[in-house]
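Dear colleague,

I am handing over the structure we spoke about, with the sequence alongside. Please look it over first; my notes follow below.

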Amino acid sequence: LAGAAADFDFFFHVQQVTVDPIIVTLYPPVACIITQRVRWLVASVQWPGSYCDTRADRCCYPGNQKPAADFTIHGLWPNYADCRRGLLTPDAATRCWPDYCNATDPLNTSLIKDLESDLLRNWGTLSCRNRNATAFWSHQWRRHGTCSGMDQHAYFRAALDFKARFNLTRILADAGVAPSRNETYLLSSIEDAVTKATGSAPSVECNRNGRDEMELYQVFQCVGRDGRSPVHCPRRLESRCTDKVKFPAF
Ligand code: 5GP
Ligand code: 5GP
């Protein structure tokens, strides 16, 4: 166990049971109370122009009012120190990050009332299936927030503060990467601009629009456990980008 602890940095925690199956086999009594420690978080934001021109069901504007041409928050996602996927552990969700850590702590909107207008502006939903932003926040809190070690107010505050501190739309504009119908950008120029502004390399996720063009869809930044300071990403995150991408106007 000492070797395994050094390797995976386990700690004692009774709410979750997310363990290496080898440990389960060898140390069943211990395994049930051990899990890996959350070490960093992913601050993820989405570009509304890409969300809206990719979905089969398009997108729906909150209150039927077109939001600002600005990234919006998707989530703040706790992650384990490192993860190795293998034959025994193929599922990223059970190996790389915890989720749904506390079913007895659902979102209580009265605890984040003072953040509501900020959340509506910066963490709105563009989904047509569920047009209720509270349901989006509630899902993010239950799935990710409950594993963050923060309380509800601190969790949402951290996500809002991080987005405000590193204004991606402005960072990209300052680097000459402006939303455009026709322009195509080097992925490396986007990554370089964010790295220069935050001190930490982002991961960029792309998708394809209706014309089968590759577009910048989400930007992931790795953040320390306090939810504040950018950190070096311990592993590469989802990409699916080619070296040239569109950044569509919205
Ligand atoms: P996708 O399969 O679209 O990449 O991710 C689906 C969902 O899985 C995300 O919306 C998010 O909730 C979760 N997810 C994806 N990547 C990560 C990650 O690196 N860390 C955590 N904690 N969750 C992730
Ligand atoms: P995750 O993949 O992080 O677990 O959460 C995505 C869920 O939130 C999906 O059920 C999705 O329909 C819902 N959702 C609601 N609004 C949005 C939005 O604006 N963007 C994304 N990516 N998901 C949204």
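**Surroundings of ligand 1**

The largest share of the shell around ligand 1, four residues, is supplied by strand 4, which runs over residues 72-80. Please bear in mind throughout that this is a predicted model. The shell as a whole consists of Val42, Gly75, Trp77, Pro78, Asn79, Trp97, Arg143, His144, Leu237 and Glu238, and by class these divide into five nonpolar, three polar and two charged residues.

Around ligand 2 lie Gln46, His74, Gly75, Thr125, Leu126, Ser127, Arg129, Asn130, Phe136, His139 and Arg143. Here the largest share, three residues, comes from helix 7, although strand 4 and helix 7 (133-143) each contribute at least two residues to this shell. Sorted by class, the residues around ligand 2 comprise two nonpolar, seven polar and two charged ones.

**The protein overall**

The protein has 10 helices and eight strands, and of its 250 residues 34% count as buried. When contacts between residues at least 6 apart in sequence are considered, 72% of them join residues that are at least 24 apart.

**Helix 8**

Helix 8 covers residues 152-165, and at 1.5 Å a residue its 14 residues should span 20 Å, which agrees with the 20 Å that separate its end C-alpha atoms. Which residues of helix 8 are buried? They are Gln152, Tyr155, Phe156, Ala158, Ala159, Phe162 and Lys163, and because these buried residues cover an arc of only 155° around the axis, they are placed on the same side of helix 8. This can be set beside the general rule that an α-helix has 3.6 residues a turn, so residues three or four places apart point the same way. Ala164 and Arg165, by contrast, are exposed on the other side of helix 8. The packing partners of the buried residues of helix 8 are strand 3 (38-46), strand 4, helix 6 (116-122), helix 7 and strand 7 (214-224).

**Strand 7 and its neighbours**

Strand 7 is itself largely enclosed by the rest of the structure, since nine of its 11 residues are buried. It pairs in the antiparallel sense with strand 6 (residues 203-208) over six bridges, and, also in the antiparallel sense, with strand 3 over seven bridges. Strand 6 and strand 7 form a hairpin with five residues between them, and in the turn Asp212 has a positive phi of about 65°.

**A loop residue**

Finally, I would draw your attention to Thr104, which is located in the loop between helix 5 (92-95) and helix 6. Is Thr104 buried or exposed? Thr104 is exposed, because 6 other C-beta atoms lie within 10 Å, and the cut-off for an exposed residue is 12 or fewer. Thr104 and Arg142 are 38 residues apart in sequence, and in space their C-alpha atoms are 9.4 Å apart.

With best regards

Note on methods: Residues are numbered from 1 along each chain as its sequence is written. Chains are lettered from A and ligands numbered from 1 in the order in which they are written. This is a predicted model: local features need pLDDT of at least 70, side-chain atom pairs count only at pLDDT 80 or more; totals for chains, interfaces and linings use all residues. A residue is near a molecule or strand if its C-beta atom, placed from the backbone, lies within 6 Å of it. Ala, Val, Leu, Ile, Met, Phe, Trp, Tyr, Cys and Pro count as nonpolar, Asp, Glu, Lys and Arg as charged, and the others, Gly among them, as polar. The expected span of a helix is 1.5 Å times one less than its number of residues. A residue is buried if 20 or more other C-beta atoms lie within 10 Å of its own, exposed if 12 or fewer, and partly exposed in between; C-beta atoms are placed from the backbone. The arc is that of the directions from the helix axis to the C-beta atoms. Two residues are in contact if their C-beta atoms, placed from the backbone, lie within 7 Å. Two strands pair if DSSP finds at least two bridges between them.
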